[in-house]
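Take a look at the sequence and the model below. We will walk through it step by step.

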Protein chains: 2
Amino acid sequence: MPHECKVETALDILVGKWKPVILFHIFQEEVLRFSELQRLIPDITKKMLTTQLRELEYHDIINRKVYAQVPPKVEYSITDYGKGLTPLLDSMHNWGLSHLEHLDQIYGESKLEKNN
Amino acid sequence: MPHECKVETALDILVGKWKPVILFHIFQEEVLRFSELQRLIPDITKKMLTTQLRELEYHDIINRKVYAQVPPKVEYSITDYGKGLTPLLDSMHNWGLSHLEHLDQIYGESKLEKNN
DNA sequence: CTGGATCCACTTTGATACTG
DNA sequence: CAGTATCAAAGTGGATCCAG
């Protein structure tokens with residue numbers, strides 16, 4: 001089989017309880033410090049924020065810039081390569097949006113989360 | 001905020017240890033019986049196959065057709081609505097494919113899975 | 001300020017046996 | 001054939017404390 005399915009590969013990069021929201025904020029703000037991400041995502045713990053950022057960094061989606069100063073300052077931003085995710089994220093967002101409407105039509109708007 | 005990110009919504013539908021491969025086979029074969037899916041995905045247990053199929057069915061991605069006969073016969077197929085996932089899955093596959101190459105360039109081809 | 005390290009709770013998945 | 005039920009194992013996320 002010369003042609004294999006790599007959907008899972010893409011999923012692996014985006015999946016993780018906090019990765020979408022982290023990416024959302026960094027895409028939107030361009031550059032964010034660790035503490036700013038914490039403030040934007042109140043429920044995340046430092047541990048999770050760190051690990052999710054590290055994974056995104058490993059995949060060259062985000063950049064980690066450390067300022068050699070005290071107190072420490074670290075800025076996260078989307079890499080040029082990472083910006084290539086934009087069309088895919090848009091597609092996923094749009095499909096997700098329309099899917100919520102579809103579920104509404106099928107099951108009614110009960111028991112569907114409106115929050116976010 | 002009138003415009004919220006629904007990337008997670010899309011992720012929720014596709015995520016699950018076996019969902020991508022299940023969808024892959026049903027998309028490819030059009031119609032598959034429970035036992036045929038088991039054969040195509042040797043490592044999956046009946047329990048997981050059942051639950052993942054149920055979730056996809058709940059989201060109206062696949063159709064479950066039960067033949068009232070003995071021994072039982074159940075066929076799974078992609079719904080018309082589910083076929084709307086094709087562009088998204090293609091995008092994810094293509095991005096995943098190029099991402100593997102990108103990782104190769106960064107880290108070399110060591111420690112990257114070649115199997116699948 | 002930006003983490004790392006540990007320990008624990010919860011969730012997800014797997015193994016196995018059983019059933020209409 | 002196509003599941004369900006039960007229990008065990010593994011994986012994931014959270015709470016807390018420590019550190020440069």
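Where is A:His59 found? A:His59 sits in the loop between helix H4 (46–58) and strand E2 (62–67) of chain A. Helices (H or I, at least four residues) and strands (E, at least two) are DSSP runs, numbered from the N terminus.

Before going on, some ground rules. This is a predicted model: local features need pLDDT of at least 70, side-chain atom pairs count only at pLDDT 80 or more, and totals for chains, interfaces and linings use all residues. Residues are numbered from 1 along each chain as its sequence is written, chains are lettered from A and ligands numbered from 1 in the order in which they are written, and side-chain values use heavy atoms, with hydrogens and water left out.

Back to A:His59. Is it buried or exposed? A:His59 counts as buried because its relative accessibility is 17%. Buried means under 20% relative accessible area, exposed over 50%, and partly exposed in between (1.4 Å probe, protein chains only).

Now look across to chain B. The side chain of A:His59 makes a polar contact with the side chain of B:His99, at 3.0 Å. A polar contact is a pair of N or O atoms within 3.5 Å; within protein, one must be able to donate a hydrogen and the other to accept it, and residues adjacent in sequence count only if both atoms are side-chain atoms. Setting aside neighbours within four places in sequence, A:His59 is in contact (heavy atoms within 4.5 Å) with A:Ile13, A:Tyr81, B:His99 and B:Leu103.

Next, the strands of chain A. Strand E3 (residues 73–78) has five of its six residues buried. Two strands pair if DSSP finds at least two bridges between them. Strand E1 (residues 31–33) of chain A pairs with E3(A) in the antiparallel sense over three bridges. Here A:Leu32 stands opposite A:Tyr76. E2(A) also pairs with E3(A) in the antiparallel sense, over six bridges, and A:Ile62 faces A:Ile78. Five residues lie between E2(A) and E3(A) in their hairpin.

Turn to chain B. Strand E3 (residues 73–78) of chain B is largely enclosed by the rest of the structure, because five of its six residues are buried. In E3(B), B:Val74 stands opposite B:Val66, and B:Glu75 stands opposite B:Arg33.

Finally, the core. Nonpolar side chains tend to be buried together in soluble globular proteins. The largest nonpolar core here has 53 residues. Such a core is a set of buried Ala, Val, Leu, Ile, Met, Phe, Trp, Tyr and Cys residues joined through side-chain atoms within 4.5 Å. Among those with the most contacts inside it are A:Ile26 and B:Ile26.
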